[in-house]
Amino acid sequence: MNMVDIDKPIGYGAFGVVWAVKDPRDGKQVALKKMPNVFHNIMSAKRVLRELKMLCYFNHENVLSAVDVLPPVDSPYEEMYVITQLMHTDLHKIIVSQQPLTSDHLRLFLYQILRGLKYLHGAHILHRDVKPGNLLINSDCRLKICDFGLARLEEPDQSKYMTQEVVTQYYRAPELLLGARHYGAAVDIWSVGCIFAELLARRILFQANSPVAQIDMIYNLLGDRKTAVPLSQSSSNSRDRQSRAQLYKSVSRLPAPPSTFYHLAPHMTHESAHLLSRLLVWNPEKRVSCTEALRHVYLREGRLRYHTSLCRCCFIAADGIRHASEHEFEPVPDRVFNDSYEDQLHSVEDVRNAVTEFINSQPCGRKVPLRINPDSVVFPRFVASTVAHSQPATSPNA
Ligand SMILES: [Zn+2]
């Protein structure tokens, strides 16, 4: 069956173009993502295969997943097509809009972000680019985490080098800015703290114009106020850099008190400041996990609201809320994501064969297989649509 109704482009990410299309099998609107130049080099090819496998592995209400993977149009092919659920907007667009955001909205959004992230971390996956633009929202306030272009498995071996070229700068954790060679799920938690503060204040918390100014800005909030540093473009001399390094080492290993965060937004409550103080901790080892953050009193109402009106895991009995017995409120996957297949991939051709094999192995169930229709009116425009940004030249394993 042909994919005839390619409608309009709805987004351009770092790694592909997303179009809104109609699934001819059921008439539902879905998102069609084109991943171009997949086999440009082995790094980008492995990254795309990993993202594809993750999208097909995910099964959680707050994480975007694949509805279908389409077979390639040409042979040999350079592009991949994945269908996912269609979402109306994203959190960045909402934050910069005029739309009022109540504290109920904030609690519901933050609850779903942490619920989705707990699932990812439960699969041992680090997202590594959590930011408002990667949090998709529907008109009924359902939220899904998307864009797994930089995601990878946790690295249990502390001696293995991991790239610092991850996470959009404004949401980048201090350990990444300071060049940590090994890091974990706490980098995503830092990003959530930044997003929570941004939701409260409706402006970016740490909006610096360089990575050096970024770490200075974080230090000025969480470090010793008496030794605040001027925001800089770059550290100009080695003495300056050394004294900064000393300052950064002096930052308390403990979370800052909630009072540190009161001035960040006009209607900051003690509860929200307290949760911020647990998310935005300089020392990654002292930052809360998703599971701990989800226990915070601030999220109680968000959980209640989510599980009374939006979730698929609960049903309401005559005596009020009733939880479906086989589920947790915030479930984790029953198996971790497995990336051991990557050991067998040594060339672009290896990856191409693995992608083909993977697409062919996807169960169709009772669904009619879909394919792109190159004769449709908008196909030339679709094929010509390109990505907005170039891809980073980092290894997908790093
Ligand atoms: Zn539920």
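What follows is a walk through this structure, from the whole chain down to a few single residues.

Keep in mind that this is a predicted model: local features need pLDDT of at least 70, side-chain atom pairs count only at pLDDT 80 or more, and totals for chains, interfaces and linings use all residues. Residues are numbered from 1 along each chain as its sequence is written.

Let's start with the overall picture. The protein chain has 12 helices and 14 strands; these are DSSP runs numbered from the N terminus, helices being H or I with at least four residues and strands E with at least two. Of its 398 residues, 37% count as buried. Here, a residue is buried if 20 or more other C-beta atoms lie within 10 Å of its own, exposed if 12 or fewer, and partly exposed in between, with C-beta atoms placed from the backbone. As for contacts, two residues make one if their C-beta atoms, placed from the backbone, lie within 7 Å. Among contacts in the protein chain with a separation of 6 or more, 65% are between residues 24 or more positions apart.

Now for the inside. The largest nonpolar core has 94 residues, where a nonpolar core is a set of buried Ala, Val, Leu, Ile, Met, Phe, Trp, Tyr and Cys residues joined through C-beta atoms within 7 Å. Helix α5 (residues 186-201) gives the largest share, 11 residues. The residues with the most contacts inside the core are I113, L114, V187, V192, F196, L276 and L279.

Two of those are worth a click. L114 is found in helix α3 (residues 103-122), and L114 counts as buried because it has 29 C-beta neighbours inside 10 Å. Leaving aside neighbours within four places in sequence, L114 is in contact with V192, C290, A293 and L294. L114 and S289 are 175 residues apart in sequence, yet their C-alpha atoms are 9.3 Å apart in space. As for I113, it touches L135, L143, V192 and I195, again not counting residues up to four places away in sequence.

On to the strands. K33 lies in strand β4 (residues 29-35), and UniProt places the feature "binding site" at K33, in an unreviewed entry. UniProt positions are given in the numbering used here, feature names are shortened, and annotations may be inferred rather than shown by experiment. Is K33 buried or exposed? K33 is buried, because 22 other C-beta atoms lie within 10 Å. The strand around it is mostly covered too: five of the seven residues of β4 are buried.

Strands of a sheet pair through backbone hydrogen bonds, either parallel or antiparallel. β4 and strand β6 (residues 80-85) pair in the antiparallel sense over six bridges, and the bridge partner of K34 in β6 is Y81. Pairing here takes at least two bridges found by DSSP between the strands. Elsewhere, an open sheet of three strands has the order β7-β9-β10, with antiparallel pairing. Its edge strands are β7 (89-90) and β10 (143-145), each pairing on one side only. Two bridges join β7 to strand β9 (residues 135-137), and D90 stands opposite L136 in β9.

Finally, some loops. V167 lies between β11 (152-153) and α4 (174-177) and has a positive phi of about 70 degrees although it is not a glycine. V167 is buried, because 24 other C-beta atoms lie within 10 Å. R202, in the loop between α5 and α6, has a phi near 55 degrees, also a positive value in a residue other than glycine. With 13 C-beta neighbours inside 10 Å, R202 counts as partly exposed.
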